[in-house]
Amino acid sequence: MPAISVLLPVHDAAPWLGASLASLRRQSLADFEVVAVDDGSTDGSGELLERAAAQEPRLRVIHTPHRGLPAALDLALGSARAPLLARHDADDLSHRERLRLQLEYWRAHPGTAVLGTRLRLFPAASVGAGMRRWVAWHNRLLDHREIVREALVESPLAHGTSLLSRRWVERVGGWRERGWPEDLDLWLRLIESGARFAKLPRVLYAWRQHPESATWRDPAFSARRFLALKLDALGRGFLRGHGEVELLGVGDSLARWREALVAQGFRVRARAQGRPRPGGAVVGSGPSTSHPGAPLVLVFGAFVARRRWRRALTQAGWVEGSDFVFVS
């Protein structure tokens with residue numbers, strides 16, 4: 001049995017597949033297998049995989065009609081043999097030391113459920129300012145607490161960097177097709193189940209930026225579907241059993257969240273406030289040491305704003321995850 005099964009879903013990735021496979025072939029760790037699922041490719045990717053498998057005994061190829069990424073991942077999971085699962089995308093690159101370093105960390109910290117790494121984006125000319133900000137934020141979140149408290153802002157751990165405990169993935173039901181981002185959906189369900197997250201402080205994964213990427217083309221990654229996913233998670237967790245919500249933020253994001261929460265049947269008290277009030281109330285009209293009568297949802301996309309509010313609320317005695325939560 002291999003130590004790691006690399007799950008590699010492939011759909012029309014022929015221009016980048018050779019380099020992606022080469023980055024796995026060059027891994028300093030030898031004890032792994034690659035389970036590649038050709039998800040109904042029409043550009044010759046399936047044939048490329050078969051030719052590669054003829055030269056690489058660790059590569060196994062499964063062909064299926066196009067069913068989408070979550071279904072391809074679950075099919076790969078069903079064929080994987082290892083207790084640890086590594087994700088790798090067909091247009092991306094893994095550093096040659098990635099799997100070795102992740103396996104070493106896991107053996108030293110066997111209670112970890114999900115282990116990511118820092119990453120870089122390439123080619124530089126295709127990387128916009130928004131993605132540069134996201135990577136800086138992503139690479140800053142290293143320990144479990146940091147990852148969990150930012151999980152409803154954006155996906156705090158890039159899917160392709162992850163090494164996952166098969167036991168934990170199967171415990172929460174694997175990857176699901178719900179018409180929204182399957183990686184964040186999985187992270188949130190794992191967090192709710194008590195799974196531990198971590199991230200290695202080294203750049204060990206390169207995420208290729210190109211216009212054919214599912215991140216830019218798949219409707220599941222639209223802002224509307226991200227919002228639906230976050231609402232679903234809030235309803236299962238932080239807002240469960242509550243009929244009223246205190247909502248605080250600024251701009252269009254505040255209005256969008258208010259509308260979405262009202263549509264879900266919540267009574268919403270929305271307040272436009274960009275900064276905590278020095279020496280006064282943190283939120284609402286009560287004293288700064290009082291807790292809200294309703295759960296507080298703060299809508300701030302900027303990390304510096306979240307840091308400012310997090311400090312003010314914590315100093316006032318509020319508990320993140322129980323009294324308040326951040327979204328974007």
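Before I show the helices, one definition: a crossing of two helices is called right-handed if the near helix is turned clockwise from the far one by less than a right angle, and left-handed if it is turned anticlockwise. Please keep in mind that what we have here is a predicted model.

With that in hand, let us take helix α1, residues 14-25, and helix α2, residues 45-55, whose axes come within 9 Å and cross at roughly 20°. Because angles under 35 degrees count as roughly parallel, α1 is roughly parallel to α2. The crossing of these two helices is right-handed. On the α1 side the contact is made by Ala-14, Leu-17 and Leu-21, while α2 brings Ser-45, Leu-48, Leu-49 and Ala-52. Sorted by class, that contact has six nonpolar residues, one polar residue and no charged ones.

Turning now to the strands, there is an open sheet of eight, in the order β3-β2-β1-β4-β7-β6-β8-β5, and its pairing is mixed. At the edges we find β3, residues 59-64, and β5, residues 93-94, each of which pairs on one side only. Within this sheet, β1 (residues 4-10) and β4 (residues 84-87) run parallel and are joined by four bridges, and Val-6 has Ala-86 in β4 as its bridge partner. Helix α5, residues 129-140, lies across β6 (114-122) and β8 (197-208), and runs at about 150° to β6.

Finally, β9 (residues 244-249) and β10 (residues 267-272) also run parallel, with six bridges joining them, and Glu-244 stands opposite Arg-267 in β10. From β9 the chain passes through helix α11, residues 251-263, to reach β10, and this β-α-β crossover is right-handed.

Conventions
Residues numbered from 1 in each chain as written. Predicted model: local features only at pLDDT ≥ 70, side-chain atom pairs only at ≥ 80, totals over all residues. Heavy atoms only, no water. Pairing = 2+ DSSP bridges. Right-handed = clockwise from strand over helix to strand, strands pointing away. Contact = heavy atoms within 4.5 Å. Axes fitted to C-alpha atoms, helices over the stretch in contact; angles between N-to-C directions. Parallel < 35°, antiparallel > 145°, perpendicular 65-115°, else oblique. Nonpolar A, V, L, I, M, F, W, Y, C, P; charged D, E, K, R; others polar.
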